[in-house]
Amino acid sequence: MTKFLPYVILAGVVIIFFVICYIMYSGHATEKPAKKKHKNIALEAQKKRNEEHAAWATLETLHSKGPASLKEDTTPVPKISNVKVKERRENPEETGFVTTKGEVVHAGDQMYYEKTTSKKAADDSFGTTQVISREEVLAAMKEADKNKEAKQEKIASPIAGMAAVVAADLKEKKSQETMSAAAPVIHSPAPAAAEQKHVLSDETMIMDPGALKTKLAAAGAVAGAVAVTDVTTKMAPVHVDTAYTKKEPVNETNRTDISSKKAASQSPWGNVLPRTEKTTEALPSKSIWAQDTHIDSPVIKMCIAHFLDHYGIVTPEMKRQIEFITAAAFQQAGVSDEAERERIIKPFIIQDALQDVQKTYSAHPEEHAAAVALRAFCDVLHCPPTSTRHLVAINTLKVMPYLSQEHYRILAILLVFLYSRNSHNVDTETFRQYIDKYVMPFLERFPTERSFYQQLDYLHCTALETKETPFAEILADSYPLLFRYRGFTLEELQTSLRGKHIPPEFIVPSFNSDLYKLALVDEGMASRFFRQTGITDRNTQNHLLRLAKKHPTSFNGEEALDILEEISPVFADMGDLWDSTLLRVSTLSLLGLYLAQAYVKEIIGEEFDLFRWFE
């Protein structure tokens, strides 16, 4: 039995091999017909794509030879096929080509047959792709250009006619001016007002630029409307009571007479406002501005020559400006002796500060710039070198040549609202007076462009915070008892007084309700308030303070806007201006406080007390 075992194994292996082969071949035979059909479709699509690629390659080769070769070689591209067709010779005179429009065309562009297609057939073939020759494309482009030029000529014809009329009018006026220049001058009486008005309205006038500027300035004066438009040490805004700030009397001999000799204007409520534009009247001789600043001093001449030698081009106007501001700097410093001038100018810091004053005034020959620069120069000269004001004054003179009046207006508004408040602002009338004096002078041509705020931040005059502070929140923080609470009734007031009497001028109507409030901005002013009212009883004082805070309310959104509008339309516009510009994220640095304080004093004649920051 063991003798046949190898044969049995061999037979089993053969059988298994045949079984495996049968299974494999039977699997191919039982493949699904759908799968076979899909493969055939894919093969046919690939074959068709290959044929199209070959045809396009042949067309590109023919086009690259140029139009002449295309016209000579007009043999159609044969369709690639696997079927072998017997080639036959064709007579060129009898050969025609069928176009996509169904036309039979000879090789010499002679049409043999034109197929008439119905409208329905044309609509059916609308979306088909047709091959258009280069000549047809060029002809269509030329036709489109012709249509475009015709339209432009049709539009430009009225403008050309108008230009011709204007040119003829100017030519006639020029000839008349030439004739009048050659003719002798004859003084004739002026025409009547009505006749002159007719002449001005009917004829075109070419005005001298100076006369035009004067006329526009006069028109602006008549209009008289004030247009309301849009790192450093971080400091929290601390309010200074402007009702008790240091008020210096305005020098009556000032060059521009800031107080009484300013042209008066009126606010929307009839209050008299000082004009921000200053007049240049001749004033008494006490003012350094009105005096003859020319001083025959070798030291002053040396300082002037030293500054002018830095520049290659110096105009006579610039020289006069430098002579004026240099002499004014020594006069403002209170130095009249030649030896004293030589002594104070020896330190390099003083010489550098004087050159910065000269540079500032030559860049901005305006009164406010001169006043701020001279103030800073005196601080550099007189303040101890270890003091904060001395260092801030030096930096002030460094940045002033790059600041315009728009920058100063931004600094002034930030100082007025972020770093000061007025304890007299307790009702509508006092707030309107506050706006007239402290706000309106700085709102004319107020800048809203982002670049002004970025420049102030770059020059370290301001700091841009990440947190926004709305205008309503600033007012609520400055005057909490007026804006954060609704008020009380007269009955509640009598109950809290417990038989005591309070003068009626210390009770004011509420802004945000029909109730009443104490004429008190916050609890910090309570001691002065009770001293003025004569209420000395501590219990009564506590009851009145609790009564003032009895009905809290929110001061924001549309409600705040309505309250500001009721107080003053300018107040509401100021809120929109604040919230829509970078004022809402700006705070002042020490440098910004110094500049704002000096500018506000120059414009409205009142100096804010910033002692706590500089001493």
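## A walk through the model

Arg 498 sits in the loop between H19 and E7, where helices (H or I, at least four residues) and strands (E, at least two) are DSSP runs numbered from the N terminus. Its phi is near 55°, a positive value in a residue other than glycine. Most residues other than glycine have a negative phi. Before going on, note that this is a predicted model, in which local features need pLDDT of at least 70 and side-chain atom pairs count only at pLDDT 80 or more, while totals for chains, interfaces and linings use all residues. Residues are numbered from 1 along each chain as its sequence is written, and side-chain values use heavy atoms, leaving out hydrogens and water.

A positive phi, near 65°, also turns up at His 460, again a residue other than glycine. His 460 belongs to the loop between helix H16 (450–458) and strand E6 (462–464). With a relative accessibility of 37%, His 460 counts as partly exposed; on this scale buried means under 20% relative accessible area, exposed over 50%, and partly exposed in between (1.4 Å probe, protein chains only).

Leaving aside neighbours within four places in sequence, Phe 483 is in contact with residues including Phe 431, Phe 511, Asn 512, Phe 555 and Ile 567, contact meaning heavy atoms within 4.5 Å. Phe 431 is one of the buried residues of H15. Helix H15 (residues 428–439) has 12 residues and reaches 15 Å from its first C-alpha to its last, close to the 16 Å expected at 1.5 Å a residue, where the expected span is 1.5 Å times one less than the number of residues.

Asn 512 lies in the loop between strand E7 (507–509) and E8. Is Asn 512 buried or exposed? Its relative accessible area is 10%, so Asn 512 is buried. Its side chain makes a polar contact of 2.9 Å with that of Ser 510 and another of 3.5 Å with that of Lys 517. A polar contact is a pair of N or O atoms within 3.5 Å; within protein, one must be able to donate a hydrogen and the other to accept it, and residues adjacent in sequence count only if both atoms are side-chain atoms. Asn 512 and Ala 560 are 48 residues apart in sequence, yet 8.5 Å apart in space, C-alpha to C-alpha.

Finally, turn to helix H21 (residues 538–548), whose buried residues are Thr 540, Gln 541, Leu 544, Leu 545, Leu 547 and Ala 548. These cover an arc of only 160° around the axis, which puts them on the same side of H21; the arc is that of the directions from the helix axis to the C-beta atoms. Their cover includes helix H18 (480–483), helix H19 (490–497), strand E8 (516–518) and helix H20 (526–533). The face of H21 turned away from the buried side carries the exposed Arg 538 and Arg 546.
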